[in-house]
Amino acid sequence: MTKQSAVVPEAVAPEAVVVTQPGATVPASSPVFPYPPLKAAVGLPIKKFLQKQEISSGGRVSSWDEHPSALGMFEEIVSLSKGKKIVMFLDYDGTLSPIVDDPDRAYMSKAMRAAVRDVAKLFPTAIVSGRCRDKVYSFVRLAELYYAGSHGMDIKCPKFNKGNKPALFQPASEFLPMIDVVSKLLAEKTRAIRGSRVENNRFCVSVHFRCVDEKRWVELAMQVRSVLHDFPKLRLTHGRKVLEIRPSIEWDKGKALEFLLESLGLSDSNDVLPVYIGDDRTDEDAFKVLRERGQGFGILVSKVPKESHATYSLQEPSEVMDFLHRLVEWKRLSGKGHPRV
Ligand SMILES: O=P(O)(O)OC[C@H]1O[C@H](O[C@H]2O[C@H](CO)[C@@H](O)[C@H](O)[C@H]2O)[C@H](O)[C@@H](O)[C@@H]1O
């Protein structure tokens with residue numbers, strides 16, 4: 001038995017199992033992913049089990065003062081965008097579709113699809129998801145969008161650098177065979193844990209525990225770790241009741257955002273306003289990039305106030321849809337569909 005501590009989320013705003021080294025302090029409010037590198041944690045026994053932590057984005061905070069509603073601040077937002085070209089980045093699960101138990105049934109509504117289609121007519125729009133790109137495309141079904149699947153490790157642009165051909169960018173392609181092997185091993189190892197589910201997202205793998213009895217979360221995390229022990233080039237992160245296994249490369253949704261801006265030929269322009277909407281920890285990488293660039297802003301989708309690199313908030317996908325509607329309406333009224341305000 002190895003020695004490690006697992007931190008499991010509180011019931012109210014639950015979203016992950018975090019495995020740490022014994023003695024390691026995981027600040028309850030840390031907005032940054034608190035795993036030690038996988039290698040350091042492997043080989044240490046379980047010491048302690050449940051500890052409450054807010055997880056899906058940053059730690060929980062007491063009010064929305066830091067991240068006011070993007071609907072409430074809509075006038076301010078559009079005034080910020082005066083003379084600028086808006087570029088939209090949208091996460092999928094929990095942002096465009098509600099969180100549901102079965103990941104294969106996380107459909108977006110027709111109304112949401114229509115809202116995204118309308119937005120994409122007016123602004124370049126990308127979907128940035130942890131899902132396999134084909135899978136997220138099968139949910140969204142809008143060919144005119146840009147898609148970044150596998151947490152940005154699988155990017156498809158309708159056009160690239162003003163050329164006409166669709167282009168693919170897959171910085172982790174060498175990991176494909178390894179991910180396949182690991183996905184099968186994980187499925188085997190976790191089969192006996194009722195409710196668990198392994199989802200092969202092509203360049204990464206998700207191990208879901210939303211439907212696993214809480215008493216077995218640690219057992220599941222241990223099984224995952226035991227598989228990963230033999231794959232030091234992979235790392236473990238987590239999202240909303242899901243453990244995510246992915247290549248240890250310097251690539252995330254933030255890097256994908258920058259890549260997409262570059263491929264749109266908009267990277268160096270001061271008159272570009274990227275807006276990223278997302279609900280999960282992995283979206284924080286993109287929010288952070290926008291903060292660091294001092295360009296555009298992030299919108300966190302969450303029912304509870306959290307620490308986040310986002311600037312604004314929306315409570316749930318229905319509010320995301322309202323926001324998209326307002327953006328379209330405002331643009332139509334102000335610019336008659338021209339790409340600049
Ligand atoms: O980046 P995202 O598009 O938000 O993808 C992150 C994970 O999303 C999916 O899992 C989440 O949504 C499921 C359906 O609502 C839910 O059952 C699960 O508990 C959530 O974690 C997707 O299935 C994962 O592969 C992605 O990693």
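Contact here means heavy atoms within 4.5 Å. The model is predicted, so to speak of local features requires pLDDT of at least 70 and side-chain atom pairs count only at pLDDT 80 or more, while totals for chains, interfaces and linings use all residues. Residues are numbered from 1 along each chain as its sequence is written, and side-chain values use heavy atoms, with hydrogens and water left out.

The elements discussed are DSSP runs numbered from the N terminus: helices (H or I, at least four residues) and strands (E, at least two).

| Element | Residues |
|---|---|
| Helix H5 | 176-190 |
| Helix H7 | 253-263 |
| Helix H8 | 281-293 |
| Strand S10 | 234-239 |
| Strand S11 | 242-247 |

In H7, Lys253, Gly254, Leu257, Glu258 and Leu261 meet Thr282, Asp283, Asp285, Ala286, Val289, Leu290 and Arg293 of H8. The residues of this contact comprise five nonpolar, two polar and five charged; Ala, Val, Leu, Ile, Met, Phe, Trp, Tyr, Cys and Pro count as nonpolar, Asp, Glu, Lys and Arg as charged, and the others, Gly among them, as polar.

S10 is mostly covered, with five of its six residues buried (under 20% relative accessible area, 1.4 Å probe, protein chains only). S10 and S11 run antiparallel and are joined by six bridges; strands pair if DSSP finds at least two bridges between them. Arg235 stands opposite Arg246 in S11. Two residues lie between the strands of this hairpin, where Lys241 has a positive phi near 50°.

Ser183, in H5, is buried at a relative accessible area of 8%. Leaving aside residues up to four places away in sequence, Ser183 touches Val198, Asn200 and Val205.

Technical notes. Axes fitted to C-alpha atoms, helices over the stretch in contact; angles between N-to-C directions. Buried < 20%, exposed > 50% of the residue type's maximum accessible area, 1.4 Å probe, protein only.
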